[in-house]
Amino acid sequence: MLNLSVAGMIEKSRISSDGVWLLLVEVAIPDSEEPLRMVRNNEDIVWNGHIWNAFNFVIDEIKEDPQAKNTTVPLQISNVTQIVQAYVEENNGLTGTTVILRVVHSEHLDNVLPEVEEIFTVESTVCDSQWVTFNLGCDLSSQLRFPFRRVLKNFCAWRDNYKGIECGYSGSMPPCDGTLQSCRDRGNSVRYGGEPSIPEGGLYA
């Protein structure tokens, strides 16, 4: 079961919406701090302080290789401009590099956490005139981030987005200090973004 944010749950439950779910792909480039950032959309977007370039790509079904017993996910990226192929040829097929797939909602691009994030490794690459196809290794169990955000015992994760969609407070009191008592003072503790039940010393998984 996916752990969507409050904003994501609301958008998922809407009968209609002006926004759309956007699929982002980030391909790491060896020896470069700037990865390829692409969004499956008809226009560029800005998310997390970066421009995500509109690009045509398709994530295919998960397939199992009966010979190697590996599960792979084909990711096809348009090769019409040959931009991605140039990176592939310069970097040994980009094999072994990291590819991150994320899902965000167009109406909540100020949310720094994606609704879904999965991390893969490029196992092999094939190029033709239409597509660059990355076969992505699918070892999700060890690389999927969970829980999706850092959870603190005595600090509200929504403090910096006071009165935002997760906080939900609509009164006139000034910004809170992120404590549970401050949230109780506002009658909003049911939406407190900390987790008081975490034992002293923290909990590690």
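A cavity is a set of points on a 1 Å grid over the protein atoms alone where a 1.4 Å probe fits but cannot get out, and lining residues have an atom within 4 Å of a point. The count comes to one cavity of 30 Å³ or more. The largest cavity has a volume of about 90 Å³, a volume being the space filled by probe spheres set on the points, with grid points joined across faces, edges and corners. Of its 14 lining residues, Cys156, Cys167, Cys176, Cys183 and Asn188 come closest to the centre.

A word on the ground rules: residues are numbered from 1 along each chain as its sequence is written. Because the model is predicted, local features need pLDDT of at least 70 and side-chain atom pairs count only at pLDDT 80 or more, while totals for chains, interfaces and linings use all residues, and side-chain values use heavy atoms, leaving out hydrogens and water.

Next come the strands, which are DSSP runs (E, at least two residues) numbered from the N terminus; two of them pair if DSSP finds at least two bridges between them. Strand β4 (residues 50–54) pairs with strand β2 (residues 36–39) in the parallel sense, over two bridges, and Val39 has Ala54 as its bridge partner. With strand β3 (residues 45–47), β4 runs antiparallel, and three bridges join the two. Ile45 stands opposite Trp52 there. β3 and β4 form a hairpin with two residues between them, and Asn48 in the turn has a positive phi of about 60 degrees.

What about the rings? Rings of Phe, Tyr and Trp (its six-membered ring) pair if their centres lie within 6.5 Å; planes under 30 degrees apart are stacked, over 60 edge-to-face and the rest tilted. The whole structure holds two aromatic pairs. One of them joins Trp47 and Trp52 in a tilted arrangement, 5.8 Å centre to centre with 55 degrees between the planes. Trp47 is buried at 2% relative accessible area, and Trp52 is buried too, at 1%; buried means under 20% (1.4 Å probe, protein chains only).

Finally, Glu117 sits in strand β9 (residues 116–127) and counts as buried at 10% relative accessibility. Its side chain makes a polar contact with the side chain of Arg102 at 2.8 Å. Such a contact is a pair of N or O atoms within 3.5 Å; within protein, one must be able to donate a hydrogen and the other to accept it, and residues adjacent in sequence count only if both atoms are side-chain atoms.

Notes: 1 Å grid on protein atoms, 1.4 Å probe; cavity = no way out; pocket = protein on both sides within 12 Å on 5 of 7 lines; lining within 4 Å. Helix = DSSP H or I, 4+ residues; strand = E, 2+ residues; numbered from the N terminus. Buried < 20%, exposed > 50% of the residue type's maximum accessible area, 1.4 Å probe, protein only.
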